[in-house]
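Open the model in your viewer and keep the selection panel at hand. The stops below go one by one, each with something to select and a note on what is there.

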Amino acid sequence: MGPLPRTLELFYDVLSPYSWLAFEVLCRYKNIWNVSLQLRPTLIAGIMKDSGSLTAMRFLTIVKLEHPELLEKVSRELWMRVWSRDEDITEPQSILAAAEKAGMSTGRARELLERVSTPQVKNQLKETTDAACKYGAFGLPVTVAHLDDETYMLFGSDRMELLAHLLGKLQVHAELPLTPPLRAISCPEGWIQSTKKDVLGPSSNGASYTHRCA
Amino acid sequence: MGPLPRTLELFYDVLSPYSWLAFEVLCRYKNIWNVSLQLRPTLIAGIMKDSGNQPPALLPRKALYLKNDVRRLGRYLQVPIHLPKDFFFVIFEKGSLTAMRFLTIVKLEHPELLEKVSRELWMRVWSRDEDITEPQSILAAAEKAGMSTGRARELLERVSTPQVKNQLKETTDAACKYGAFGLPVTVAHLDDETYMLFGSDRMELLAHLLGKLQVHAELPLTPPLRAISCPEGWIQSTKKDVLGPSSNGASYTHRCA
């Protein structure tokens with residue numbers, strides 16, 4: 001049996017386009033990196049002053065509570081509406097349409113929609129948003145990586161290569177000069193600390209790069 | 001003879017740690033990518049004023065995040081960044097006016113030394129927590145970069161002349177015209193398109209725009225973050241820029257085309 005998956009939490013709001021980018025990258029990589037991806041619907045309005053996604057994020061909150069296996073698809077469908085087809089996500093019809101497209105029955109979607117303003121759902125969304133704030137969030141998306149004895153809070157959709165590096169998953173391919181990771185080439189003398197494993201990653205064949213800098 | 005190099009302009013200020021990261025990455029890659037890198041010393045204070053933006057460190061949570069982010073990216077990119085002990089004093093009180101004026105005149109008179117002098121100034125303020133505002137500090141950086149003391153002093157004497165002040169202002173205005181609201185800004189001039197990219201975290205995207213991002217089908221661990229298992233119908237495989245010109249993308253495209 002291989003190593004246990006490590007956990008990533010993704011705090012996101014469908015109103016945030018960068019959240020969508022982070023979401024897609026992490027969905028694509030979760031199995032390749034062997035990580036457990038916990039999706040956490042959050043309200044960006046609770047982190048900064050914003051508006052527009054309250055019902056949608058409450059709906060995703062109850063989807064997570066009742067049908068967690070559908071959370072990824074319903075989230076994606078909401079993004080496709082607002083950030084791909086410029087469609088509404090605030091009206092009940094809009095949310096139902098997204099849920100149905102994700103494979104939920106109309107009846108079940110309606111049931112869940114009816115419960116979005118109950119204290120249970122409102123409180124859960126608030127708790128998730130508070131959790132993001134406790135991690136230091138000032139916006140979304142926020143990816144929290146729980147690795148061994150360290151926890152990393154990463155903001156934005158543009159820290160995924162860094163995340164791969166922290167996970168020890170960024171390989172340096174000495175034989176492919178075009179685009180090795182942007183960190184391993186010709187840095188000034190004395191900079192690379194080649195004894196540190198995290199410089200090159202565990203499975204690297206970094207000979208062509210280290211000899212310039214070590 | 002190979003293709004002519006395309007041009008990248010890097011607008012930067014040594015006060016900006018992210019500018020240092022972008023600078024190092026571009027310096028490392030300019031020959032690999034066959035691009036002509038034009039370094040453009042800019043004043044970040046001028047960009048903030050003109051755009052109405054605020055430095056991110058003024059928001060407490062961003063300041064805390066920034067400290068961790070800069071440290072991690074420094075380790076990841078192998079740049080020896082260390083935060084100054086009195087971060088706010090260095091950034092907001094001391095600033096970088098003389099340093100950037102000095103780099104402006106270095107660019108005018110000794111462009112071949114601009115990369116090294118810039119790096120030495122960053123090493124002072126963003127690695128060893130040393131001053132970059134006093135004349136001695138600037139001379140020390142210039143000397144470390146290989147300039148003679150005499151020549152460095154001559155240039156330093158001219159930093160407050162209209163020629164130098166205006167040049168720095170012009171460069172800062174140019175960045176603003178490109179739409180800058182902060183630094184670093186990389187402007188890529190490719191064929192018939194111009195791209196303005198903000199930050200040190202658009203380098204993989206830049207590689208992709210340059211057609212330099214290879215997809216390695218046989219190396220599953222870290223292909224570029226765009227080519228794997230996207231939902232059906234998303235990848236338009238007729239577009240060359242999806243997979244890059246020299247890709248062997250068979251293992252990835254069949255899932256999505």
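Is Tyr135(A) buried, partly exposed or exposed? With a relative accessible area of 29%, Tyr135(A) is partly exposed; buried means under 20% relative accessible area, exposed over 50%, and partly exposed in between, with a 1.4 Å probe and protein chains only.

Before going on, some conventions. This is a predicted model, in which local features need pLDDT of at least 70, side-chain atom pairs count only at pLDDT 80 or more, and totals for chains, interfaces and linings use all residues. Residues are numbered from 1 along each chain as its sequence is written, chains are lettered from A and ligands numbered from 1 in the order in which they are written, and side-chain values use heavy atoms, with hydrogens and water left out.

**Stop 1: chain A as a whole**

Select chain A and colour by secondary structure. Chain A has 10 helices and four strands; helices (H or I, at least four residues) and strands (E, at least two) are DSSP runs, numbered from the N terminus. Followed from the N terminus, the elements of chain A come in the order β-α-β-α-α-α-α-α-α-β-β-α-α-α. Of its 214 residues, 53% count as buried. In chain A, 67% of the contacts with a separation of 6 or more are between residues 24 or more positions apart, where contact means heavy atoms within 4.5 Å.

**Stop 2: aromatic rings in chain A**

Select Phe11(A) together with Tyr135(A). These two residues form an edge-to-face aromatic pair, 5.8 Å centre to centre and with 65 degrees between the planes. Rings of Phe, Tyr and Trp (its six-membered ring) pair if their centres lie within 6.5 Å; planes under 30 degrees apart count as stacked, over 60 as edge-to-face and the rest as tilted. The pair links distant parts of the chain, 124 residues apart: Phe11(A) is in strand β1 (residues 6-12) of chain A, and Tyr135(A) is in the loop between α7 (119-134) and β3 (142-147) of chain A. Phe11(A) has 0% relative accessibility and therefore counts as buried.

Now select Tyr12(A), Trp20(A), Phe23(A) and Trp79(A). Ring pairs link these four residues into a cluster. Over all chains, the count comes to 19 aromatic pairs.

**Stop 3: a cis bond in chain A**

Go to Pro141(A), in the loop between α7 and β3 of chain A. Most residues other than glycine have a negative phi, and most peptide bonds are trans. The bond from Leu140(A) to Pro141(A) is cis, with omega near 5 degrees.

**Stop 4: chain B as a whole**

Switch to chain B. Chain B contains 12 helices and four strands. Buried residues make up 52% of its 257 residues.

**Stop 5: two packed helices**

Select helix α1 (residues 17-29) of chain B and helix α3 (residues 60-77) of chain B. How do they pack? Their angle is about 15 degrees and their axes are 10 Å apart; axes are lines fitted to C-alpha atoms, for helices over the stretch in contact, and angles run from 0 to 180 degrees between N-to-C directions. α1(B) and α3(B) are therefore roughly parallel to each other (angles under 35 degrees count as roughly parallel, over 145 as roughly antiparallel, 65 to 115 as roughly perpendicular and the rest as oblique).

Show side chains at the contact. From α1(B), the contact is made by Pro17(B), Tyr18(B), Leu21(B), Val25(B) and Arg28(B); from α3(B), by Leu66(B), Asp69(B), Val70(B), Leu73(B), Gly74(B) and Leu77(B).

**Stop 6**

Select Asn34(B), in the loop between α1 and β2 (35-41) of chain B. Its phi is near 55 degrees, a positive value in a residue other than glycine. Asn34(B) is partly exposed, with a relative accessible area of 31%.

Next, select His110(B), in the loop between α5 (97-109) and α6 (114-126) of chain B. At 17% relative accessibility, His110(B) counts as buried. Not counting residues up to four places away in sequence, His110(B) touches Ile105(B), Met147(B), Arg151(B) and Leu155(B).

Finish at Pro184(B), in the loop between α9 (162-177) and β3 (185-190) of chain B. The peptide bond from Leu183(B) to Pro184(B) is cis, with omega near 5 degrees.
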